[in-house]
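Please read it with the structure open.

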Amino acid sequence: MHFFSREAFSKLAPLGAILFDVDGTICDSEPIHYYAFREMLQEVGFNNGEPITEEFFSANISGKHNEEIRKFLFPDWDHNKSTKFMDDKETLFRSLAKEQLKPVDGLHELCKWIEDHGLKRAAVTNAPRANAELMISILNLSDFFQFLVIGSECERTKPFPDPYLKGLELLHASPDNTFIFEDSASGIRAGVAAGMPVVGLATRNPEQVLKDAGASLLIKDYEDSSLWNILQELELSIAKKLEA
Ligand SMILES: *[C@@H]1O[C@H](CO)[C@@H](O)[C@H](O)[C@H]1NC(C)=O
Ligand SMILES: *[C@@H]1O[C@H](CO)[C@@H](O)[C@H](O)[C@H]1NC(C)=O
Ligand SMILES: *[C@@H]1O[C@H](CO)[C@@H](O)[C@H](O)[C@H]1NC(C)=O
Ligand SMILES: [Mg+2]
């Protein structure tokens with residue numbers, strides 16, 4: 001789709017590992033989060049009972065960690081009440097996800113390619129652990145990911161680099177041979193800060209926002225020919241490594 005730096009990928013040879021964000025990157029979960037927030041916020045009279053808009057959701061909620069969202073939405077509520085709201089919202093999200101969650105187009109072909117080429121892989125997310133495990137399981141990727149890194153279990157969540165650095169450490173992978181798939185500005189910043197090129201998925205967020213956050217390539221989904229061009233280029237270096 002759009003390259004901003006092809007060089008960023010060619011110099012990864014031989015490619016050794018790939019890190020994936022979860023929400024919006026392996027599945028289009030954002031509409032489910034939006035629906036759950038909209039219904040539940042309206043129920044508690046947020047914004048005088050006017051439903052939140054998609055623009056409000058995208059600017060103020062999407063890609064953020066729950067603690068940050070909780071404080072933003074309910075600065076005046078007591079801690080237990082707002083925490084319970086967030087927990088209930090996640091329960092609603094999980095029940096909807098079981099019926100509605102779909103992989104991003106081309107994901108399973110990409111995962112097969114990664115397995116066939118013996119690359120290491122981990123999922124790195126700001127989502128609560130129960131959500132992340134459920135989404136990965138619905139998508140049949142529980143055996144695919146070798147590790148799952150949860151932002152709130154690290155010292156700092158995305159947009160800090162900590163979760164991505166933790167992923168590298170668990171996989172014994174180097175940032176010089178690893179790239180990342182992400183869909184949010186906050187996640188792209190985390191990946192860039194951890195020293196790796198990031199492929200931005202323009203599933204929901206505006207292209208300009210992803211570009212400004214530092215994505216090296218933007219794709220619509222995993223069927224994108226720009227992505228497969230890079231993979232084919234890197235394939236030659238992986239084959240040499242396997243022979244050696
Ligand atoms: C985000 O929240 C702020 C503070 O409530 C609000 O003023 C702003 O309009 C919201 N952004 C959008 C795009 O709705
Ligand atoms: C908040 O929840 C904790 C743990 O459930 C409880 O011990 C505490 O008393 C609660 N605080 C208030 C103000 O309700
Ligand atoms: C996961 O596997 C089950 C059972 O093989 C299958 O019915 C389902 O369609 C798969 N889901 C995805 C997203 O591939
Ligand atoms: Mg995301």
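**Notes on the predicted model**

1. The shell around ligand 1 consists of E55, F56, A59 and N60. By class, these residues divide into 2 nonpolar, 1 polar and 1 charged.

2. The chain is divided into domain 1 (2-28 + 103-243) and domain 2 (30-100). Taken over C-alpha atoms, the centres of the two domains are 26 Å apart. Across the boundary, 19 residues of domain 1 are in contact with 13 residues of domain 2. On the domain 1 side, the elements giving two or more residues are α7 and α9 (185-193), and the largest share, 5 residues, comes from α7. The residues on that side divide into 6 nonpolar, 10 polar and 3 charged.

3. How do helices α5 and α7 pack against each other? Helix α5 (residues 79-100) and helix α7 (residues 129-138) meet at an angle of about 0°, and their axes are 11 Å apart. Angles under 35 degrees count as roughly parallel, and α5 and α7 are therefore roughly parallel to each other. On α5 the contact is made by E90, F93, R94, A97 and K98, and on α7 by A130, N131, L134, M135 and I138. These contact residues divide into 6 nonpolar, 1 polar and 3 charged.

4. Helix α8 (residues 162-171) has 7 of its 10 residues buried, so this helix is largely enclosed by the rest of the structure. The buried residues are P163, Y164, L165, K166, G167, L168 and L171; a lysine, K166, is one of them. They pack against β2 (17-20), β3, β4 (147-150), β5 (178-182) and α9.

5. Two non-glycine residues with positive phi deserve a check in the model. H172, which follows α8, has phi near 55° and lies in the loop between α8 and β5. With 9 other C-beta atoms within 10 Å, H172 is exposed. N140, with a positive phi of about 65°, is placed in the loop between α7 and β4. N140 is likewise exposed, with 11 other C-beta atoms within 10 Å; the cut-off for this class is 12 or fewer.

6. P159 belongs to the loop between β4 and α8.

7. H117 is found in the loop between α6 (107-116) and β3 (120-125). Is H117 buried, exposed or partly exposed? A residue needs 20 or more other C-beta atoms within 10 Å to be buried, and 12 or fewer to be exposed; H117 has 18, and is therefore partly exposed. Apart from neighbours within four places in sequence, H117 is in contact with E235 and I238. As for the ligand 1 shell, F56 is one of its residues. The C-alpha atoms of H117 and F56 are separated by 42 Å, the two residues being 61 apart along the chain.

Definitions and conventions:
Residues numbered from 1 in each chain as written. Chains lettered and ligands numbered in written order. Predicted model: local features only at pLDDT ≥ 70, side-chain atom pairs only at ≥ 80, totals over all residues. Axes fitted to C-alpha atoms, helices over the stretch in contact; angles between N-to-C directions. Helix = DSSP H or I, 4+ residues; strand = E, 2+ residues; numbered from the N terminus. Parallel < 35°, antiparallel > 145°, perpendicular 65-115°, else oblique. Contact = placed C-beta atoms within 7 Å. Nonpolar A, V, L, I, M, F, W, Y, C, P; charged D, E, K, R; others polar. Near = placed C-beta within 6 Å. Domains from an automatic or database assignment.
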